[in-house]
Amino acid sequence: MKPISMQEPECVEQWHNLGEGDWTRPEEPGKGCGKILLACEYRSLENFRPTEVQTAELGIMTFRILRCKNLGAHGGEAITISCIVKCGRDKFTTGLVTGKADHVFMTRNNKDFYATRFDASVNIQIMEKNPLGDDCIGVIEIPITDICEASDLNKLSGGCDGETGR
């Protein structure tokens, strides 16, 4: 995989029919007519330099909550929590997780935020579920700039992502 991901990206152009003016052909997109040229550049994440990310006006951010640690418990009893994640006008709520101190999310914890501005922030609220209504037990706000400057070990290549090498 590493030799493929390290190649320079190239533009792929392809013409597509907008239709033949006939609804009876299921492989055609409808009554339109003409063609459209789509030009796409396919790149791996390793080929994005931090300066390209930082100068972009909009981007797509994939966000996943893995766990909440050291939340404590009331008298040693387990609590049930969920997280509300907001970025710009978009938000999502994770599924419920029950635990005593550490809460590990297994499902329903992924969200793609589209048209995310580089100067935006991600706001995460940890909510405790109870019969009288949910209580906020913690809030964190993370600037997108902090996320873009972070580097992680790439499991496919074995190297660090980004130029910082952190």
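Contact here means heavy atoms within 4.5 Å. The model is predicted.

Q: What does Ser82 touch, not counting residues up to four places away in sequence?
A: Ser82 touches Thr93, Thr94, Gly95 and Leu96, and also Gln125, Ile126 and Met127. Each of these has heavy atoms within 4.5 Å of Ser82.

Q: Why is Ser82 called buried?
A: Buried means under 20% relative accessible area. Ser82 has 7% relative accessibility, so Ser82 counts as buried. Its place is in strand 5, residues 79–87.

Q: What makes strand 5 stand out in the largest nonpolar core?
A: That core has 19 residues, and Phe63, Val85 and Val122 have the most contacts inside it. Two or more residues come from each of strand 3 (58–64), strand 5 and strand 10 (121–128). Strand 5 gives the most, with 5 residues.

Q: How do you know whether Thr116 is buried or exposed?
A: The cut-off for buried is under 20%. Thr116 has 9% relative accessibility, so Thr116 counts as buried. Its place is in strand 9, residues 110–117. Leaving aside neighbours within four places in sequence, Thr116 is in contact with Glu57, Leu58, Gly59, Met61, Cys87 and Ile144.

Note on methods:
Residues are numbered from 1 along each chain as its sequence is written. This is a predicted model: local features need pLDDT of at least 70, side-chain atom pairs count only at pLDDT 80 or more; totals for chains, interfaces and linings use all residues. Side-chain values use heavy atoms; hydrogens and water are left out. Helices (H or I, at least four residues) and strands (E, at least two) are DSSP runs, numbered from the N terminus. Buried means under 20% relative accessible area, exposed over 50%, partly exposed in between (1.4 Å probe, protein chains only). A nonpolar core is a set of buried Ala, Val, Leu, Ile, Met, Phe, Trp, Tyr and Cys residues joined through side-chain atoms within 4.5 Å.
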